[in-house]
Amino acid sequence: MDLSYILNHLGEDRARYFDAVIPPIVQSAIFAHPDVATMRLRMADEFAEHVYTRGLNPTVEIVARKLAALEGGESCLMFGSGVAAVAAGVLASVSAGDEVLCVDKPYAWTSQLLRKLLSRLGVRSRFIDARATGDVAAAISDATRLILLESPNSLTFEQQDLAAIATLARARGIRTMVDNSYATPLGQQPLELGIDLVAHSATKYLNGHSDVLAGCLIGSEALMRQVFQGPYMTLGAILSPHDAWLLLRGLRTLPARMRQIAETTQQVIAFLETQPRVTRIHYPQHSSHPQWQLTASQLRHANGLLSIELEVPDIAAVDRFVDGLQRFLIAASWGGYESLVFPVAGVREWRSLNDPASVPLNLVRLSIGLESADVLTADLAQALARI
Ligand SMILES: *Cc1c(COP(=O)(O)O)cnc(C)c1O
């Protein structure tokens with residue numbers, strides 16, 4: 001299926017809504033049935049039938065079908081945030097006594113889910129450096145039920161060999177899940193590589209406009225039915241029809257945004273390479289990335305999220321640099337139309353969610369948006385001069 005068909009047509013049955021080009025926001029909590037027999041049939045399969053919007057809603061369904069197709073998966077469930085999608089995938093996969101093997105630098109709240117919440121429910125987690133597949137194989141125990149990956153992660157962009165880990169997990173009957181937010185389906189499709197579940201924070205590039213929180217989980221229909229009957233319906237962390245409609249609108253332009261952002265980012269990186277104050281550039285496609293070979297074979301598309309390390313006399317100089325930027329908004333998150341800067345040293349609470357030793361204090365993350373490269377490099381130049 002070609003990309004433009006998925007984004008512009010798939011899942012949109014326009015004859016059902018007056019041939020309107022844009023699908024309606026079906027802002028209804030409930031769906032009525034023409035007769036009792038139909039009600040009985042529909043309520044027996046809320047995964048596939050319209051009964052109640054906590055289950056299936058027509059507007060949400062459109063965006064879910066598109067995301068499933070983009071990832072090459074059979075089925076997709078939408079959530080009210082990325083963390084809800086990750087949590088649902090984990091909760092549907094483990095029981096008390098089981099163990100999760102997780103990459104050592106996951107998204108901060110994924111780490112909290114495992115360390116704080118699941119540990120109370122009798123699920124143990126171990127955090128491992130998964131860059132070498134052999135280390136993953138060695139870490140597996142009899143209790144391991146889920147291997148939770150994030151490739152690349154969203155701060156220093158470590159990657160895992162997804163196909164190799166999927167193969168060794170399958171052979172042992174262990175489920176695998178990848179947080180694919182950074183790569184987007186344009187960059188990699190983990191299901192094709194044998195991974196069982198793909199989660200996204202759709203808040204980032206998929207929506208791309210910083211106006212919606214959303215998440216999705218994609219996998220086989222059998223697996224997604226299991227998630228649906230479990231955490232999806234019981235926790236109710238759903239995406240509202242209105243937010244699904246906004247996400248649909250953002251998603252339409254994903255390839256165009258990503259092309260532009262990748263091109264601008266290349267120019268920004270070329271500029272940063274000339275700057276003596278910039279001592280290191282973290283970016284999967286950068287020649288200095290220790291895993292550039294894996295990047296070349298696994299990641300098909302570049303994006304606009306990178307981190308830089310600055311040579312600074314003290315940490316206050318990092319603040320001066322960040323405060324000096326005029327065209328980058330100071331904010332966490334990433335993936336929107338607008339450029340952002342996030343100084344890791346600036347947020348003690350955020351650092352404490354992670355392993356502080358793993359994140360250098362002079363690290364500053366940049367999310368490149370849709371501004372022109374000239375505007376951004378001029379801004380970076382004047383801010384670097386303040387160090
Ligand atoms: C932002 C993010 C999440 C969480 O998504 P929300 O939509 O904010 O809940 C999960 N994983 C990664 C890699 C993220 O960047």
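Entry 1, the ligand shell. I sorted the residues of the shell around the ligand by type and found 4 nonpolar, 6 polar and 3 charged, where Ala, Val, Leu, Ile, Met, Phe, Trp, Tyr, Cys and Pro count as nonpolar, Asp, Glu, Lys and Arg as charged, and the others, Gly among them, as polar. The model is a predicted one, in which local features need pLDDT of at least 70 and side-chain atom pairs count only at pLDDT 80 or more, while totals for chains, interfaces and linings use all residues. I also noted that residues are numbered from 1 along each chain as its sequence is written, and that side-chain values use heavy atoms, with hydrogens and water left out.

The ligand is surrounded by 13 residues, and the closest are Gly82, Asp179, Ser201, Thr203 and Lys204; a residue is near the molecule if one of its heavy atoms lies within 4 Å of it.

I looked up pairs of N or O atoms within 3.5 Å, the cut-off for a polar contact. Asp179 has a polar side-chain atom 2.6 Å from a nitrogen atom of the ligand, Ser201 has one 2.9 Å from an oxygen atom of the ligand, and Trp334 has one 3.1 Å from an oxygen atom of the ligand. On its own the ligand has 380 Å² of accessible area, of which the protein covers 93%; such areas come from the Shrake-Rupley method with a 1.4 Å probe, and for residues only the protein chains shown count as cover.

I counted 15 helices and 12 strands in the protein, taking helices (H or I, at least four residues) and strands (E, at least two) as DSSP runs numbered from the N terminus. The radius of gyration of the protein is 21 Å, which agrees with the value near 21 Å that a compact globule of 387 residues would have; this radius is taken over C-alpha atoms, and the globule rule is 2.2 Å times the number of residues to the power 0.38. The C-alpha trace spans about 75 × 55 × 35 Å along its principal axes. Of the 387 residues, 56% are buried, where buried means under 20% relative accessible area, exposed over 50%, and partly exposed in between (1.4 Å probe, protein chains only).

Is Phe31 buried or exposed? Phe31 is in the loop between helix 1 and helix 2, and it counts as buried because its relative accessible area is 18%. Its contacts (heavy atoms within 4.5 Å), not counting residues up to four places away in sequence, include His50, Tyr52 and Leu56. Val21 is found in the loop between helix 1 (3-8) and helix 2 (36-43), yet Val21 is exposed at 58% relative accessibility. Leaving aside neighbours within four places in sequence, Val21 is in contact with Glu12 and Arg14.

I found a cis peptide bond between Ser151 and Pro152, with omega about -10°. Thr184, in helix 8 (residues 184-187), has a positive phi near 60° although it is not glycine, and Thr184 is buried at 1% relative accessible area.

Note on methods. Polar contact = N/O pair within 3.5 Å; in protein donor to acceptor, adjacent residues only side chain to side chain.
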